[in-house]
Amino acid sequence: MNAVISGTGLFVPQQVISNEELVEAFNAYVAQFNDQHRTRISAGELEPLKPSSVAFIEKASGIKRRHVIDKRGILDPSRMRPHIAQRDNEQPSLQCEMAVKAAEQALSMANKGAADVDMVIVACSNLERAYPAVSVEVQAALGIDGYAFDMNVACSSATFGLQTAQDAIRSGSAKTVLMVSPEICSAHLNFRDRDSHFIFGDVCTAVVVEAAETASGDDVFEIIATRLRTKYSNHIRNNFGFLNRCDEARRRDVDKLFVQEGRKVFKEVVPMVSSHILDHLREVDIAPATVTRMWLHQANLSMNQLIAKRVWGRPFDREEAPIVLDEFANTSSAGSIIAFHQHRKGLRVGDIGIICSFGAGYSVGTVVVRKSDQ
Ligand code: COA
């Protein structure tokens with residue numbers, strides 16, 4: 001039984017932070033810090049903090065702005081983290097609320113209602129609680145009968161989720177799967193860290209995967225093949241977890257937020273991803289030249305350009321490997337799905353595309369799709 005992607009949805013928070021605003025807040029924090037510690041700095045006991053720059057951010061990453069849940073808290077130099085109040089148990093959680101908005105769009109595009117869905121996956125990098133699973137809450141909010149579970153493979157969560165959805169449909173354990181990726185990356189980002197304060201944004205994507213024979217949407221993509229790989233690395237890491245409260249001394253260390261060795265990630269992940277894509281295409285007997293579009297994970301503009309160049313071995317247009325980083329920044333697992341959601345027009349029946357994610361783990365996932373005649 002072939003599985004297809006029949007709908008996608010995107011929820012975008014209304015608040016936007018430009019690079020200029022972000023750098024202004026960061027540099028105000030730096031000035032404040034250096035002023036507060038001027039005695040130790042002039043005694044040579046402490047290094048002064050260096051300012052950030054808009055030009056560096058755009059050149060190093062391709063990011064121009066990011067959408068966030070709360071701008072005020074992030075841009076306050078004395079706080080530099082979003083204000084997100086904990087909600088009462090009786091209220092919908094923030095991730096559930098984001099997921100429902102994206103899911104409604106995806107279901108409507110797929111021409112499906114809650115009664116058609118029997119499996120819900122929340123696949124994302126950070127979950128706001130351990131249990132009950134956010135996916136079960138989303139399932140209840142949408143009135144879906146069936147089962148739901150949360151999964152996390154960091155930036156690769158969505159492609160790992162797509163393979164899981166496809167496997168469930170092929171094995172008959174589900175008929176229609178709703179996968180949502182509510183990413184609140186601003187809550188795990190260290191806005192006081194010059195190397196990474198610009199990297200992430202918030203967003204939620206949704207995808208409907210179902211059996212080809214039940215698909216009735218207008219824009220359907222057949223999943224031809226999926227391939228996943230992981231290889232352990234400490235170069236992207238977040239040590240936030242349920243054990244933190246047991247170690248008072250280290251509870252507030254910066255490793256409870258996103259930390260990375262950006263240069264090493266760049267050098268190690270580009271070859272891993274490009275050879276993964278090429279090996280996968282070889283396995284399924286598809287020539288890279290026949291791939292019409294690559295919807296890559298959105299972490300860094302140069303990384304994406306290098307990966308696409310290695311796969312195609314030729315210059316390519318921006319539309320062939322779309323970039324959404326400028327508008328959204330890195331939105332973790334949602335990035336490749338935003339690119340797919342916004343940039344799949346123009347493909348003709350039979351055209352082949354690849355949705356590809358990569359990130360912490362390390363992890364890499366490819367989903368080869370073909371535009372269907374449905
Ligand atoms: N503003 C101004 N200058 C800055 C800066 C900032 N915000 N941050 C760093 N710099 C400086 C550094 O101090 C360094 O200066 P130096 O050479 O004088 O020491 C210079 O810019 C280069 O820094 P570097 O960290 O080597 O930059 P880079 O070109 O490697 O770009 C990343 C940094 C993080 C954007 C890039 O390495 C990257 O994207 N890596 C992959 C990250 C990724 O995809 N992670 C996955 C997350 S899912």
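These exercises walk through a predicted model of a protein chain with a ligand.

Residues are numbered from 1 along each chain as its sequence is written. Local features need pLDDT of at least 70, side-chain atom pairs count only at pLDDT 80 or more, totals for chains, interfaces and linings use all residues, and side-chain values use heavy atoms, with hydrogens and water left out.

**Exercise 1. The whole chain**

Task: Find how many helices and strands the protein chain has, and how compact the chain is.

Solution: 
- Start with the elements. Helices (H or I, at least four residues) and strands (E, at least two) are DSSP runs, numbered from the N terminus. The protein chain has 11 helices and 13 strands.
- Next, take the radius of gyration, computed over C-alpha atoms. The globule rule is 2.2 Å times the number of residues to the power 0.38. The chain's radius is 21 Å, close to the 21 Å that the rule gives for 374 residues, so the chain is as compact as a globular protein of that length.
- Along the principal axes, the C-alpha atoms fill roughly 70 × 55 × 35 Å.
- Finish with burial. Buried means under 20% relative accessible area, exposed over 50%, partly exposed in between (1.4 Å probe, protein chains only). Of the 374 residues, 53% count as buried.

**Exercise 2. The ligand shell**

Task: Work out which residues come nearest to the ligand and which element gives the largest share of the shell.

Solution: 
- Set the cut-off. A residue is near a molecule or strand if one of its heavy atoms lies within 4 Å of it. There are 18 residues around the ligand, and Ser-52, Arg-194, Gln-260, Arg-263 and Asn-300 come nearest.
- Look at backbone N or O atoms. One of Arg-194 lies 2.9 Å from a ligand nitrogen atom. For Gly-262, the distance from such an atom to a ligand nitrogen is 3.0 Å. For Ser-53, it is 3.2 Å.
- Check the cover. Accessible areas come from the Shrake-Rupley method with a 1.4 Å probe; for residues, only the protein chains shown count as cover. On its own the ligand has 970 Å² of accessible area, and the protein covers 72% of it.
- Turn to the elements. Those giving two or more residues to the shell are α3 (54–61) and α8 (262–283). Helix α8 gives the largest share, four residues.

**Exercise 3. Thr-159**

Task: Decide whether Thr-159 is buried or exposed, and list what Thr-159 touches.

Solution: 
- Thr-159 sits in helix α7 (residues 157–171).
- Read its accessibility. The relative accessible area is 0%, so Thr-159 is buried.
- List the contacts (heavy atoms within 4.5 Å). Leaving out residues up to four places away in sequence, Thr-159 touches Leu-228, Ile-355, Cys-356, Ser-357, Gly-365 and Val-367.
- Pick out Val-367. Thr-159 and Val-367 are 208 residues apart in sequence, yet their C-alpha atoms are 6.6 Å apart.
- Pick out Ser-357. A 2.5 Å polar contact joins its side chain to that of Thr-159. A polar contact is a pair of N or O atoms within 3.5 Å; within protein, one must be able to donate a hydrogen and the other to accept it, and residues adjacent in sequence count only if both atoms are side-chain atoms.

**Exercise 4. Backbone details**

Solution: 
- Pro-132 lies in the loop between β4 (119–123) and α6 (134–142).
- Met-80 has 5% relative accessibility, so it counts as buried.
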